[in-house]
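The following note is intended for a student who is reading a structure of this kind closely. Please keep the sequence and the model in view while working through the numbered points.

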Amino acid sequence: TGNVEVTNISDAVSEPVITGSGPACEGETVVLTAPEYTGASVSYQWNLPGSSMNVTGINNNELIISPVDSTLHAGTYSVTIIVDGCTLNSDDFEVTVFEQPTASPRAALIDICDDGTIELYAFANGPEPLSYSWTGPNSWTSTLENPVINNINTTYNGEYYLTVTTVSGCLITESVLVTGI
């Protein structure tokens, strides 16, 4: 029997594993990263579930989506990497994008003389349940959706801030100005 000598075999290159910074709320940034490979010729091609709008790095090992949008960017991502003629395909990576709440706070003054009332309204929408955090003049705070402040006087004039938070942690802060007390 004869001997066979095999030469010029290099170690197999491991398949890429994608890591990500998500999930994220709409408007935030998601970064997906594949391992950085070395060789005489290395190319990266990210496979996207939808639009490439607001996406950078499609031909690099790091894909940046900013600002992320649930309609455009949520879904399955993968990357194909070619290292010196060898094609490597990652497993799929799911990007989850949570919806941001909206809020349009309003105020109503009832009997604007001293000892009157301010009624605040959140007018908020988003994935339920929502939580509310109001702050205002005189260190006033509330966690009600539509709080009422009784026995007001001129020191209650000012900006009232509302933060609405979804169960997934996405939040928005808006304000309403109260004057004329």
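1. Asn-151 lies in strand E17, which covers residues 148-152. Helices (H or I, at least four residues) and strands (E, at least two) are DSSP runs, numbered from the N terminus. The phi angle of Asn-151 is near 55 degrees, a positive value in a residue other than glycine. Asn-151 has a relative accessible area of 52% and is therefore exposed. For these labels, buried means under 20% relative accessible area, exposed over 50%, and partly exposed in between (1.4 Å probe, protein chains only).

2. The model is predicted, so local features need pLDDT of at least 70 and side-chain atom pairs count only at pLDDT 80 or more, while totals for chains, interfaces and linings use all residues. Residues are numbered from 1 along each chain as its sequence is written, and side-chain values use heavy atoms, with hydrogens and water left out.

3. Asn-138 also has a positive phi, near 65 degrees, in a residue other than glycine. Asn-138 is found in the loop between E15 and strand E16 (140-142). Its relative accessibility is 45%, so Asn-138 counts as partly exposed. Which residues does Asn-138 contact, leaving aside neighbours within four places in sequence? They are Thr-155 and Tyr-156, where contact means heavy atoms within 4.5 Å. By comparison, the C-alpha atoms of Asn-138 and Asp-115, 23 residues apart along the chain, are separated by 15 Å.

4. Thr-117 belongs to strand E13, residues 116-121. Is Thr-117 buried or exposed? Thr-117 counts as buried because its relative accessibility is 15%. Its side chain makes a polar contact with the side chain of Asn-150 at 3.3 Å. A polar contact is a pair of N or O atoms within 3.5 Å; within protein, one must be able to donate a hydrogen and the other to accept it, and residues adjacent in sequence count only if both atoms are side-chain atoms. Not counting residues up to four places away in sequence, Thr-117 touches several residues, among them Ala-108, Ile-110, Val-148, Asn-150 and Ile-152.

5. The bond from Ser-66 to Pro-67 is cis, with omega near -5 degrees, and Pro-67 is placed in the loop between strand E6 (62-65) and helix H1 (70-73). The bond from Glu-128 to Pro-129 is cis, with omega near -5 degrees. Pro-129 lies in the loop between strand E14 (124-125) and strand E15 (131-136).

6. How many disulfides does a search of the whole structure find? The search finds one, a disulfide being a pair of cysteine sulfur atoms within 2.5 Å. Cys-25 and Cys-170 form this bond, with their sulfur atoms 2.0 Å apart. The torsion about the S-S bond of Cys-25 and Cys-170 is about -95 degrees, so the disulfide is left-handed. Cys-25 lies in strand E2 (residues 24-25) and Cys-170 in the loop between strand E18 (158-165) and strand E19 (171-178), so the pair ties together parts that are 145 residues apart in sequence. Both Cys-25 and Cys-170 are buried. Cys-86, in turn, counts as partly exposed because its relative accessibility is 44%.

7. A search of the whole structure finds two aromatic pairs. The rings of Tyr-121 and Phe-123 have their centres 6.1 Å apart and their planes at 45 degrees, so this pair is tilted. Rings of Phe, Tyr and Trp (its six-membered ring) pair if their centres lie within 6.5 Å; planes under 30 degrees apart count as stacked, over 60 as edge-to-face and the rest as tilted. Tyr-121 is partly exposed because its relative accessible area is 29%, whereas Phe-123, at 53% relative accessibility, counts as exposed.

8. Trp-140 and Tyr-160 form an edge-to-face aromatic pair, 5.7 Å centre to centre, with 65 degrees between the planes. The pair links distant parts of the chain, with Trp-140 in strand E16 and Tyr-160 in strand E18, 20 residues apart. Trp-140 counts as buried because its relative accessibility is 14%. Tyr-160 is buried, with a relative accessible area of 0%.
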